[in-house]
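Open the model in your viewer and keep the selection tool at hand. The stops below go from the whole chain to single residues.

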Amino acid sequence: MDNHNLEIEQVRSQLSSRERSKKLKILVVDDEPDNLDLLYRTFRRDFNVLKADSGVNALELLEQEGEVAVIISDQRMPEMKGTEFLSRTLPQFPDTVRIILTGFTDIEDLVEAINAGQVFKYITKPWDSGELKEVVQRAAATYDLLKQRTEELRRANAQMQLLTVLVEVTQAASNLEEILSPIAKAFSETFTADGCILQLIEGNTLVGTQGVYSEKGVIENWLSQDPLFKAAIATGQIQSSLNIPKDPNLSSLAHYQEAGVQAHLIIPIIYRQQMLGVLSLQWQQPCNLRADELNLIHLSVQLVAIALSSSYSR
């Protein structure tokens, strides 16, 4: 395995350990306390379970908590039927998978709801816990697959856009300074970073020329104080901390606390063994990059290195 692949694997291992600890959120809704408690106890080991005792309260809970993977709702509830509640969640949360618990007398409502795409599956009362668990696991898998495909499409579009921007910017710019900030913006937007710094280096020392981008409009450059930057310069390798609040070497540093940065990825920009600069990507939440994104960053940084080298020679 070459050095680049080793670096990518090290960063990916940090990400994988975080991803495995996450539980999908599901919402259970029933006006009968005993049923609601039973549903909660049935799924609490495998999922992060939210519960509500009415459709109205469930809608309020979703406003607070955001999207859930699966909703399990009773049909017969006062004020609002289950099918009505589920239909009201559809516009805001189209990817959520919906399951309804019903008696045999509610079939007409269910057929309409299923035809409208509001219900994935209905379970008749009294339900079998094993059957319900199996249905919910399938529903969660369906949600995961849908989110994965949506995210893959988003990433593919973002990757194409990033590479297009890099080519266009480097071809159109007449001097080095003109290309730095547009490149920083392209990286930040592609990888949903809260801030990006493209910092030039001469003789392993920071120079005044830089490109910065932040959605907030202002970003402070504290790289000269940063241990990750120093390690990247010393080794010529990617450095990262994807959960800074839990990193004993970085969590107490003032510049991370003041900037609110909770994840930092810094990549040396090298062309023909010469270090031209570094790319710093910063997030205000623990980071969640995939291996293909790390590979895209590496490829894009190689293009940046070529662009910088070409600009130096103009």
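**Whole chain**

Start with the cartoon of the protein chain, which has 10 helices and 10 strands. Keep in mind that this is a predicted model. Now color by burial: of the 314 residues, 45% count as buried. Switch to the surface, where the protein chain exposes about 16100 Å². Carbon and sulfur atoms supply 47% of that area. For contacts, take those between residues at least 6 apart in sequence: 62% of them join residues at least 24 apart.

**A pair of helices**

Select residues 55-65, helix H3, together with residues 82-89, helix H4. Two packed helices are described by the angle between their axes and the distance between the axes. Here the angle is about 20 degrees, and the axes of H3 and H4 are 10 Å apart. Angles under 35 degrees count as roughly parallel, so H3 is roughly parallel to H4. The crossing of H3 past H4 is right-handed.

Next, show side chains at the contact. From H3, pick Gly 55, Ala 58, Leu 59 and Leu 62; from H4, pick Phe 85, Arg 88 and Thr 89. What is the division of these contact residues into nonpolar, polar and charged? The contact of H3 with H4 has 4 nonpolar, 2 polar and 1 charged.

**Backbone stops**

Most residues other than glycine have a negative phi, and most peptide bonds are trans. The remaining stops are departures from that pattern.

Go to Glu 79, in the loop between strand S3 (70-74) and H4. Its phi is near 75 degrees, a positive value in a residue other than glycine. Is Glu 79 buried or exposed? Glu 79 has a relative accessible area of 72%, and therefore counts as exposed.

Move on to the peptide bond between Lys 125 and Pro 126, which is cis, with omega about -10 degrees. To place Pro 126, show strand S5 (121-124) and helix H6 (129-172); the residue lies in the loop between them.

Finish at Gln 273. Where is Gln 273 in the chain? Select strand S9 (263-271) and strand S10 (274-283): Gln 273 is in the loop between these two strands. Phi of Gln 273 is near 65 degrees, a positive value, and the residue is not a glycine. With the surface shown again, Gln 273 counts as exposed, because its relative accessibility is 79%.

Conventions:
Residues numbered from 1 in each chain as written. Predicted model: local features only at pLDDT ≥ 70, side-chain atom pairs only at ≥ 80, totals over all residues. Heavy atoms only, no water. Axes fitted to C-alpha atoms, helices over the stretch in contact; angles between N-to-C directions. Helix = DSSP H or I, 4+ residues; strand = E, 2+ residues; numbered from the N terminus. Parallel < 35°, antiparallel > 145°, perpendicular 65-115°, else oblique. Left-handed = near helix turned anticlockwise from the far one by under 90°. Contact = heavy atoms within 4.5 Å. Nonpolar A, V, L, I, M, F, W, Y, C, P; charged D, E, K, R; others polar. Buried < 20%, exposed > 50% of the residue type's maximum accessible area, 1.4 Å probe, protein only. Areas by Shrake-Rupley, 256 points an atom, 1.4 Å probe, with all protein chains shown as cover.
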